[in-house]
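Subject: Structure handover

Hello,

Here is the structure I said I would pass on. My notes on it follow below.

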Amino acid sequence: MKPIFLIGFMGSGKTTLCKALARLTGIRTVDLDDYIAGVAGMSIRQYFDLHGEAAFRQLETKCLETLAETADDTIIACGGGTPCFNNNMAVMNSRGTTITLDTPIEVLHSRLMRGRHKRPLIASLDDTALRRFIIAKLAEREPFYSLSTHRFESTLLENEQEIDITAKRFIELFLRPQ
């Protein structure tokens, strides 16, 4: 199996779905941000603070290219901005399957309100500013997300039962031999 790249906005459930897929199938999964942090020897936030976004995006592309070449039989959860820089969508589409996780704005807003303290880009935003941020960034990123080979609804990831249902639906659609 060629690599599968999960893409989509922050809070769309890429990491949650990857963990469930690994648990249910035994397929290797990689969170690109965790991989980058391992290569950098520091957290993404620390790397951003020390080197800036441009340097981070270069490192992200280098790590993505490495995984794209070496990670067969792997599902890779990409950062929300990964597809939007340095021709990364072309790299992912040429090497594997790209699947955009589609999540309604209201669900993204709810998820990100709960977890915003863990995300430097949105940690300081109040609820109204967060909603505006989501709408603006989604509009900016959708042209890149639209280049994926598939789309997958990821609304139901709020509890273990929903996560299992969604992961099993994903398995049926993308991991079962046709």
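At what angle do α3 and α4 pack, and how far apart are their axes? In this predicted model, the angle is about 5° and the axes are 10 Å apart. The two helices, α3 and α4, are therefore roughly parallel to each other, as an angle under 35 degrees counts as such.

The contact between them is made by Glu60, Thr61, Leu64, Glu65, Ala68 and Glu69 on the α3 side, and by Asn88, Val91, Met92 and Arg95 on the α4 side. Sorted by class, these residues are four nonpolar, two polar and four charged.

Helix α4 covers residues 88–95, and its buried residues are Asn88, Met89, Val91, Met92 and Arg95. Viewed down the axis of α4, they fall within an arc of 160°, so the buried residues line one face of the helix. The elements that cover them include α3 (44–70), but also β1 (4–7), β4 (97–102) and α6 (127–145).

I also checked the cysteines. A disulfide is a covalent bond between the sulfur atoms of two cysteines. The structure holds zero disulfides. Cysteine 18 is in none, and the nearest cysteine sulfur, in cysteine 78, lies 8.8 Å away. Cysteine 18 counts as buried because its relative accessibility is 4%, with the cut-off for buried at under 20%. For cysteine 63, the closest cysteine sulfur is again in cysteine 78, at 11 Å, which is too far for a bond. Cysteine 63 has 3% relative accessibility and so counts as buried.

Regards

How values were computed: Residues numbered from 1 in each chain as written. Predicted model: local features only at pLDDT ≥ 70, side-chain atom pairs only at ≥ 80, totals over all residues. Heavy atoms only, no water. Buried < 20%, exposed > 50% of the residue type's maximum accessible area, 1.4 Å probe, protein only. Helix = DSSP H or I, 4+ residues; strand = E, 2+ residues; numbered from the N terminus. Arc of directions from axis to C-beta. Contact = heavy atoms within 4.5 Å. Disulfide = S-S within 2.5 Å. Axes fitted to C-alpha atoms, helices over the stretch in contact; angles between N-to-C directions. Parallel < 35°, antiparallel > 145°, perpendicular 65-115°, else oblique. Nonpolar A, V, L, I, M, F, W, Y, C, P; charged D, E, K, R; others polar.
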